[in-house]
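Morning, everyone. Please bring up the sequence and the model on your screens.

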Amino acid sequence: MALNVFDHDEYRPPVWKSYLYQLQQEAPHPRRVTCTCEVDNRPKYYGREYHGMISREDADQLLSQAEGSYLIRESQRQPGTYTLALRFGNQTRNFRLYHDGKHFVGEKRFESIHDLVTDGLITLYIETKAAEYIAKMTINPIYEHVGYTTLNQEPTLKKHLPHSPEALNGPAPAKDDCNTEERLTSLVRRATLRESDLAPKYEKVHNFKVHTFRGPHWCEYCANFMWGLIAQGVKCADCGLNVHKQCSKVVPNDCQPDLRHVKKVYSCDLTTLVKAHNTKRPMVVDMCIQEIEARGLQSEGLYRISGFSELIEDVKLAFDRDGEKADISSNAYEDINIITGALKLYFRELPIPIITYDAYPRFIETGKITDPEKRLESLHEALKLLPPAHCETLRYLMAHLKRVTQYEKENLMSSENLGIVFGPTLMRAPELDAMTALNDIRYQRLVVETLITNEDVLF
């Protein structure tokens, strides 16, 4: 019977909740029912658990001896397809079985049938015994007490721990499985990620990916055990937060990317990069623009003339390897066109463009407006659709490009010319057909040209 921890007036989250861990230990173990005779045409990826084309009734009879018994049979209704027959809850359950190099009946893929059945029995047992408990896992989560926003240092964690290892959740698991310090590693890690008072408060969603955890693992949102053999939950690729798939849907958008997870500068999501480095804008944008303004504003064809692609690639690798310590000075790269090329490449390789895919249609519609005042008004509204880090980076870039136009007599780069260069760089059509994308180019130019000319009014 599920222990109810939700009726207390004062909910004090424990180190973790052991109930689901205990249930996993109680789950039935797989019992392979082997076929005693030779079976023709047995698939090479099945063993003696394969019984050929037998009926559901025969399979039910063979499995009736014990919970967790299983076998594989070929379907009589659909020859060439296979069924995993599994005994659970005193009845035989049949699952369509697939193989593509790994075995699966759902999303999870397994190296062996034994692992698939083990994981299936754990899931069936826990979801049967603790359905109500699981449905309430996200109520009063431990995350509210030890999340990024309220927990700033390790001592704060201690006041939230139960005084007894049996508090609220019954007996704790065996000592070998529940070393408090080890289990709290990830929570303390998040706790010590202090936000600088000077750092912008950009909101960022977590970048969750399905993950297989080695050894027992507890959800950092609800503190409950993450059950199963593989793909027990999801992990944020940017900050390392580990949670149930169910809990990931309610985790706040407060991802604090960790440089241990953010391995590169180019091709990295813009908001992820600035939060990882605690900066208002990507350091590559600031550094390149500062270098260009220091020694290149009067360079003819600035941004239009391309530098050597091999050297531009070198700059990219330097930023990916060294971050803000990358050397892009004239000593390293005398040709300023290499630095402008590296900056343009950064914008082109963003997984989500500066002007995001979601905002793209609104910006294109703005470019189609012929009345200058109405275009400005529409553009002002369109800018509100951009994420804060994108908008700030765009503002900084446009202010820079406006300074470039002030040297037009020397560099021959007007706002129109810069619009031609930066339109497709900052605005990428989201999966449009070739003809529509081609037609959009002139509107992209007009949008960027308007942004440069009216930078002081729009931002």
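First, the ground rules. This is a predicted model, where local features need pLDDT of at least 70, side-chain atom pairs count only at pLDDT 80 or more, and totals for chains, interfaces and linings use all residues. Residues are numbered from 1 along each chain as its sequence is written, and side-chain values use heavy atoms, with hydrogens and water left out.

Now the overall picture. The protein has 20 helices and eight strands. Those are DSSP runs numbered from the N terminus: helices are H or I with at least four residues, strands are E with at least two. Of the 459 residues in the protein, 50% are buried. Buried means under 20% relative accessible area, exposed means over 50%, and partly exposed is in between, with a 1.4 Å probe and protein chains only. Next, contacts, meaning heavy atoms within 4.5 Å. Take those between residues at least 6 apart in sequence: 65% join residues at least 24 apart.

On to the rings. How many aromatic pairs does the structure hold? The count is 13. The rule covers rings of Phe, Tyr and Trp, the last by its six-membered ring, with centres within 6.5 Å; planes under 30 degrees apart are stacked, over 60 edge-to-face, and the rest tilted.

Start with Y46 and Y82. Their ring centres are 5.6 Å apart and the planes stand at 70°, so this pair is edge-to-face. Y46 sits in the loop between β1 (31-32) and α2 (56-63), while Y82 is in strand β3 (residues 82-88), so the pair ties together parts that are 36 residues apart in sequence. Are these two buried or exposed? Both Y46 and Y82 are buried.

Next, Y266 and Y346. This aromatic pair is edge-to-face, with 5.6 Å centre to centre and 90° between the planes. Here too, distant parts of the chain are linked: Y266 lies in the loop between α9 (245-248) and α10 (270-277), Y346 in helix α13 (residues 336-348), and they are 80 residues apart. Y266 and Y346 are each buried.

Back to Y46 for a moment. Ring pairs join Y45, Y46, Y50 and Y82 in a cluster.

Two arginines also sit over rings. For that, NZ of Lys or CZ of Arg must be within 6 Å of the ring centre and within 35 degrees of the ring normal. The charged end of R109 is over the ring of F104, 3.8 Å from its centre. R281 places its charged end over the ring of Y396, 3.8 Å from the centre. Keep Y396 in mind.

Now the helix pairs. Axes are lines fitted to C-alpha atoms, for helices over the stretch in contact, and angles run from 0 to 180 degrees between N-to-C directions. Under 35 degrees counts as roughly parallel, over 145 as roughly antiparallel, 65 to 115 as roughly perpendicular, and the rest as oblique.

Helix α11 (residues 283-295) packs on helix α16 (residues 388-405) at about 10°, with the axes 11 Å apart. That makes α11 roughly parallel to α16. On the α11 side, the contact uses V285, D286, I289, Q290, I292 and E293; α16 brings T393, Y396, L397, H400 and R403.

R362, F363, T366 and G367 of α14 meet α15 residues including R375, L379 and L383.

Last, the loops. P30 is in the loop between α1 (19-26) and β1. Beyond its neighbours within four places in sequence, P30 is in contact with G68, Y70, H114, V117, T118 and L121.

N41 has phi near 60°, and A223 has phi near 75°. N41 is in the loop between β1 and α2. A223 lies in the loop between β6 (208-211) and β7 (233-236). Which is N41, buried or exposed? N41 is exposed, at 71% relative accessible area. A223 is buried, at 2% relative accessibility.
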